[in-house]
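Here is a short briefing to read alongside the model on your screen.

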Amino acid sequence: MTQNGTGSAALIVFGGVLVLLALLGSRIESLDFGGATLRMRADAAERFAMAEESERQGDIATANELRAEARTLMDAARPIATDYGSVRRSMRPGASRLRALEEVVARARRLAQEQSFEPAEVSRWLREGTDEERITALAMMQASPELWNFEATLAAITHSHTPFEQYHALRLAAQMVDVLDAGQARRLAEAVEAQRFGPDADRKLLGEEIVRKVRRCSHER
């Protein structure tokens, strides 16, 4: 109860915030309230860890619910994936479109640096996602070694959907070489050498760089 008009307005706004929280829950990244930003982003990795613990304790229902909530956090990356698809569809191939696509990729990298994502979900995007989700996942992995997945990266090189995707898969693989075991490094080099890059100098140079790194690491071992 209040006799103050400003107080009444504040209560109404706060009530709206509570309703929004009830409806959207963990999907909300932040809300501006009274000049302050209320942070509400849940951490996906933490939720997946909680889900694993619940499952170990036999609480399958809670585990499934926690995993579902964690997956919704990948929604933060969906606008980037959507923008990538829009650029590809709306612009003619050429230098301008390539620059625009690289700007979208850079946004995905920044997102991975600023927020926590569950590695399994990012890998799932790369393995099973649309073209837009796959390139977004590659960019996120490039920015965050915690998200790296060798098998998914190797598959993106050997079964890429577009030359642009293969370029970024190669770029990611070049970052990973130093931490691969001998078997993984050999498989990577063999996969890269089996590719036919045609006149694409950028992919060819990246491929040659990867093979050189693998050979150097093999000699050092």
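A residue is called buried when its relative accessible area is under 20%, exposed when it is over 50%, and partly exposed in between, using a 1.4 Å probe and protein chains only. This is a predicted model, in which local features need pLDDT of at least 70, side-chain atom pairs count only at pLDDT 80 or more, and totals for chains, interfaces and linings use all residues. Residues are numbered from 1 along each chain as its sequence is written, and side-chain values use heavy atoms, with hydrogens and water left out.

**Overall picture**
- The protein has 11 helices and two strands; helices (H or I, at least four residues) and strands (E, at least two) are DSSP runs, numbered from the N terminus.
- Starting at the N terminus, the order of elements is α-β-β-α-α-α-α-α-α-α-α-α-α.
- Of the 221 residues in the protein, 41% are buried.
- Contact means heavy atoms within 4.5 Å, and among contacts in the protein with a separation of 6 or more, 60% join residues 24 or more positions apart.

**Helix α5**
- Helix α5 covers residues 95–114, and its 20 residues should span 28 Å at 1.5 Å a residue, which agrees with the 29 Å between its end C-alpha atoms; the expected span is 1.5 Å times one less than the number of residues.
- Buried in α5 are Arg97, Ala100, Leu101, Val104, Val105, Ala108, Arg109, Leu111 and Ala112.
- An α-helix has 3.6 residues a turn, so residues three or four places apart point the same way.
- The cover over the buried residues of α5 includes α4 (78–90), α7 (131–143) and α9 (163–176).

**Lysine 213**
- Lysine 213 sits in helix α11 (residues 201–220) and counts as buried because its relative accessibility is 19%.
- Beyond its neighbours within four places in sequence, lysine 213 is in contact with Ala174 and Val177.
- A polar atom of the lysine 213 side chain lies 3.0 Å from the backbone oxygen of alanine 174.

**The largest pocket**
- The largest pocket has a volume of about 160 Å³, a volume being the space filled by probe spheres set on the grid points.
- Its lining consists of Leu98, Glu102, Pro163, Phe164, Tyr167, Asp200 and Asp202.
- Both α5 and α9 supply at least two residues of the lining of the largest pocket, and α9 gives the most, with three residues.
- A pocket here is an open set of points on a 1 Å grid over the protein atoms alone, where a 1.4 Å probe fits, with protein on both sides within 12 Å along at least five of seven lines; lining residues have an atom within 4 Å of a point.

Note on methods:
Polar contact = N/O pair within 3.5 Å; in protein donor to acceptor, adjacent residues only side chain to side chain.
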